[in-house]
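Trainee: I'm new to this one, could you walk me through what I'm looking at?
Mentor: Gladly, let's bring it up and take it step by step.
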Amino acid sequence: MKLRSKLDAPVHKNLIYILPGLILYAAFVFGPIVSAVGISLTDWNGLGLPTWVGLQNYAGLFSDERFYLSLKNNAELMVFYCVLPLGLGIGLAAILWNMKPREQLMLRTMLFLPYIMPTAVLGIIWAWLYNPAFGPINQGLRLLGLGSLALPWLGDFTFVLPAVGLVATWYFFGFCMVIFMSGMQRLDPNLFDAARVDGATGLQTFRTVTLPLLLPEIRVVLLLTVIASIKSFDLIFTMTRGGPANATLVPNIYMYQLGFQLNRFGYAAAVAIIGAILIFTVNYAIHRLVRPADEGAN
Amino acid sequence: MRNIGKKSLGLTALKATGSAIAACVFGLAVVQSAQADGLNVWDDYTFEGQSATIEQLNKAFEAAHPGVTINRTARTFDDMKLTLKLAVSAGDGPMVTKVNQGAGDMGTMVKEGLLQPVDAYITKFGWDKLQSDSLIARDRWSDKGQFGEGPTYGISGLGEMVGLFYNKKVLEDAGLPVPTNFDEFTADLDKLKEKGIAPFMIGTSKQHMALHMIATVSQAHVDAAKRSTLDDLIYGRGGSWKTEGNVTAASLIQKWATGGYFYPGFQGISGDDAVQLFVAGQGAFLISGTWYFGDMQNNPDIHFMPFPAPHGVEKPLTVGGVDLAWSITSLAKDKATQDLAGEYINYMVSPEAALTWAKAGYLPSTILPDNADFQASTLLKEGIAMWKQVNANNALGHYPDWSAPTLLKTIDDATPHLLAGDMKPEDFVGAIDADYQAYLASKK
């Protein structure tokens with residue numbers, strides 16, 4: 001067979017072309033992952049020589065109450081990172097879909113805006129908004145005569161997690177909405193006409209036609225938001241640093257504290273590896289479970 | 001279209017990769033070269049007034065040492081704790097740096113050979129004539145990891161005391177006297193609360209104001225004559241944190257926190273924000289340290305005094321000591337750099353630098369010259385008088401977190417529960433002691 005291009009040569013001959021990218025990938029992604037696995041098998045304070053401890057760090061994690069607490073907090077945060085943005089996004093997309101193009105464009109742009117900001121900046125801004133002394137949220141509540149509701153949001157054991165989580169919801173819902181709207185564009189309008197002819201109400205059409213056809217977008221949104229929730233760090237770090245008393249501790253904050261505050265880099269690496277495994281497992285489950293009925297296994 | 005051969009393409013790709021690597025190596029070489037031209041210094045003077053003062057001192061040092069450039073990096077206390085050890089061990093950190101004393105920072109760095117002893121410079125420049133031995137002892141670490149003994153690894157430029165800031169106008173408006181003893185103090189608190197004025201301004205969401213408050217109340221229960229128990233704890237010689245004074249202090253603070261004596265919403269306010277609110281006239285009392293003098297002097301009604309001691313304690317300990325120590329790191333490799341670093345530190349603890357700090361409103365650890373010509377703020381005069389008295393009484397206490405590497409985190413984790421009332425004072429003290437005993441056991 002005649003080669004159409006030099007680039008159709010066997011893989012081993014073309015390997016040279018991807019070498020620069022491969023070197024960068026090895027240096028900044030693959031290398032650190034392998035290093036982290038290696039470090040997780042040692043006791044290392046980050047300064048001296050590491051001591052080999054085998055799987056001791058992983059064994060320690062199974063009896064570590066703080067690690068379980070961080071997983072529990074992370075699970076609760078998933079409601080705010082994944083479920084609420086997904087629900088809000090799909091609902092708003094359905095509402096905006098029926099609007100005139102100009103109104104739709106304006107609202108879509110406005111609702112998407114939070115997503116263009118860095119989450120660390122959002123964390124600092126929202127920490128100020130939540131400030132009990134001079135933050136506008138509590139000032140507003142007092143102005144409305146609801147002073148008893150003016151709580152120290154980021155210092156309250158009960159409300160701190162929802163307070164941080166709602167910022168994540170605010171950040172992600174516009175993004176989810178845009179994904180769903182782009183999904184709606186590819187749906188065949190004849191399906192909606194057929195539903196209308198059959199006498200289906202708007203809600204019935206949404207439930208039985210729109211929602212099942214949007215499963216590929218739902219899967220994408222779930223994958224991305226679940227990854228974001230498990231690797232959440234900057235928002236929580238800038239707002240609470242995991243406090244008060246670990247009430248917003250998540251695995252990544254715990255990893256940071258173990259490594260950089262307590263000099264337990266081996267144990268911190270074990271937390272990181274478990275976090276990565278968690279991301280792969282949950283995402284694999286989503287990939288397998290959330291898909292249209294007619295989509296074959298792949 | 002020009003047909004590029006396989007060999008040629010491969011060569012191009014190799015050249016591109018080679019160029020990229022060469023550029024990285026060259027870039028690194030330039031950075032290394034730039035570092036060699038000056039003295040890399042890290043400090044923790046991030047507050048506006050502090051930063052201006054250290055910049056002024058650096059310029060004066062450069063003027064006195066032609067050809068020397070100070071490459072300054074300023075880090076907050078927390079950022080310094082996080083990054084310093086790693087930066088020095090990685091080889092791209094400072095040659096001279098501020099280091100937090102105690103097991104978690106200076107102790108760890110000494111153990112790993114990241115700091116160099118400064119005893120030769122103490123002798124050469126006579127630093128022991130400028131500061132008392134009890135201050136310099138806080139920078140000693142033995143080869144066996146014993147705190148307070150062995151070679152000296154630094155010296156500080158500023159003194160630190162945690163005391164009671166009070167707003168005289170708020171007290172006067174409430175018709176209350178400035179308290180002179182513990183009973184008057186608690187009576188003032190009750191009356192302020194009755195009048196709807198927050199007795200204490202405090203913020204616990206960031207920084208360590210609650211820790212300083214607990215330590216202050218606790219160490220006010222210790223008479224200087226009986227300080228050896230606390231010294232033994234801090235210097236890792238043993239003992240227990242489970243003392244009656246510590247439990248009493250924790251109980252008292254829990255009562256204040258749950259009983260409405262703290263500024264509303266304190267759990268969601270940072271320590272720095274609490275200071276700004278206090279300067280703005282909110283709250284009657286605030287327990288914190290002399291490092292806030294620069295901010296506090298913006299309100300002339302704010303004064304500073306020792307925390308009133310309970311009945312029967314003649315010379316109560318005052319939490320404090322010195323600010324982070326100036327140290328020479330292992331990155332000052334040759335004798336010339338080490339000597340330059342020594343000269344820099346000598347200037348930073350000199351009477352001249354002390355005067356500059358005092359003029360900016362901060363409390364120097366070095367004794368000021370008798371003929372010093374400057375107009376001290378009222379706050380600073382009170383601080384200097386208190387510093388002299390506390391040192392004369394040998395009553396300078398300690399920061400509890402110096403005693404074990406993980407104690408700061410343990411206290412930070414337990415304090416919100418104590419303040420919320422869902423942790424018994426005995427359990428709070430027990431958590432601190434458990435951490436400390438685990439550290440002692442790990443040293444054996």
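Mentor: A word on terms before we count: helices, of at least four residues, and strands, of at least two, are DSSP runs numbered from the N terminus. Please also keep in mind that this is a predicted model.
Trainee: Ok, how many helices and strands are there in chain A?
Mentor: Chain A has 14 helices and two strands, and its C-alpha trace spans about 80 × 75 × 30 Å along the principal axes.
Trainee: And what share of chain A counts as buried?
Mentor: Of its 298 residues, 36% count as buried.
Trainee: Let's go to H2(A) and H14(A), at what angle do they pack?
Mentor: Helix H2 of chain A, residues 19-39, and helix H14 of chain A, residues 265-289, pack at about 120°, and their axes are 7 Å apart. Angles from 65 to 115 degrees would be roughly perpendicular and those over 145 roughly antiparallel, so this pair is oblique, and H2(A) passes H14(A) in a left-handed crossing.
Trainee: Which residues meet there?
Mentor: From H2(A) come A:Ala36, A:Val37 and A:Ile39, which meet A:Phe265, A:Gly266, A:Ala269, A:Ala272 and A:Ile273 in H14(A). By class, seven of the residues in this contact are nonpolar, one is polar and none is charged.
Trainee: Switching topic, how many residues does each chain bring to the contact between chain A and chain B?
Mentor: Chain A and chain B each bring 29 residues. On the side of chain B, H1(B) gives the largest share, seven residues, and that side as a whole has twelve nonpolar, eleven polar and six charged residues.

Methods
Residues are numbered from 1 along each chain as its sequence is written. Chains are lettered from A and ligands numbered from 1 in the order in which they are written. This is a predicted model: local features need pLDDT of at least 70, side-chain atom pairs count only at pLDDT 80 or more; totals for chains, interfaces and linings use all residues. Axes are lines fitted to C-alpha atoms, for helices over the stretch in contact, and angles run from 0 to 180 degrees between N-to-C directions. Angles under 35 degrees count as roughly parallel, over 145 as roughly antiparallel, 65 to 115 as roughly perpendicular and the rest as oblique. A crossing is left-handed if the near helix is turned anticlockwise from the far one by less than a right angle, and right-handed if clockwise. Two residues are in contact if their C-beta atoms, placed from the backbone, lie within 7 Å. Ala, Val, Leu, Ile, Met, Phe, Trp, Tyr, Cys and Pro count as nonpolar, Asp, Glu, Lys and Arg as charged, and the others, Gly among them, as polar. A residue is buried if 20 or more other C-beta atoms lie within 10 Å of its own, exposed if 12 or fewer, and partly exposed in between; C-beta atoms are placed from the backbone.
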